[in-house]
Amino acid sequence: MNSDVLTHMAVGTSLATIVFTSINAIRAHHKKGAVRWHLFVWLTVGIVLGTVLGALTAAQITGRCCRRLSACSPFASRFRWPSSCSPRPVLGSRASPSLAWPAG
């Protein structure tokens, strides 16, 4: 099989595993009453949009480019947000759904 196809299949398999793991985690947290469904809806919109854009992007890149991006992403995510700049949660506050959807 072509190495370009294998790279895309490996990334797709990894993402599919994340979907099923997430579904199980949501079910377990729901049983404990720990899911904020009003936020879940907004996050789902962002996840669906990100999935569509990601699929369209993946269809346009070569396997070699996909391998390079996969190799660089762990290093890039390390520098994405310094730990000293993390926001502090405010007790009793709720996230705004209008700001939460891009996070998905």
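Where does Thr-7 lie? Thr-7 lies in helix α1, residues 3–31. This is a predicted model: local features need pLDDT of at least 70, side-chain atom pairs count only at pLDDT 80 or more, and totals for chains, interfaces and linings use all residues. Residues are numbered from 1 along each chain as its sequence is written, and side-chain values use heavy atoms, with hydrogens and water left out.

**View 1. The whole chain has four helices and zero strands.** The order from the N terminus is α-α-α-α. Helices (H or I, at least four residues) and strands (E, at least two) are DSSP runs, numbered from the N terminus. Of the 104 residues in the chain, 6% are buried. Buried means under 20% relative accessible area, exposed over 50%, and partly exposed in between (1.4 Å probe, protein chains only). Among contacts with a separation of 6 or more, 76% join residues 24 or more positions apart. Contact means heavy atoms within 4.5 Å. The accessible surface comes to about 8800 Å², and 69% of that belongs to carbon and sulfur atoms. Areas come from the Shrake-Rupley method with a 1.4 Å probe; for residues, only the protein chains shown count as cover.

**View 2. Thr-7 is buried in helix α1.** Its relative accessible area is 10%. Thr-7 touches Gly-63, Cys-66 and Arg-67, not counting residues up to four places away in sequence. Helix α1 has 29 residues. From first C-alpha to last, α1 reaches 43 Å, close to the 42 Å expected at 1.5 Å a residue. The expected span is 1.5 Å times one less than the number of residues. Just after α1, Gly-33 takes a positive phi of about 75 degrees.

**View 3. Met-1, Val-5, Leu-6 and Met-9 form a nonpolar surface patch.** Together they have about 410 Å² of accessible area. Like charges are joined within 9 Å, nonpolar side chains (Val, Leu, Ile, Met, Phe, Trp, Tyr) within 5 Å. Met-1 sits in the segment before α1. Met-1 is exposed, at 72% relative accessible area.

**View 4. Trp-37 is found in helix α2, residues 37–60.** Trp-37 is partly exposed, because its relative accessible area is 37%. Leaving aside neighbours within four places in sequence, Trp-37 is in contact with Ile-26 and His-30.

**View 5. Helix α3 has a kink of about 35 degrees at Cys-72.** The kink comes shortly before the proline Pro-74. The bend at a residue is the angle between axes fitted to the seven residues ending there and the seven starting there. Helix α3 covers residues 63–78.

Key. Patch = residues over 30% accessible without salt bridge, like charges linked within 9 Å, V, L, I, M, F, W, Y side chains within 5 Å. Salt bridge = Lys/Arg side-chain N within 4 Å of Asp/Glu carboxyl O.
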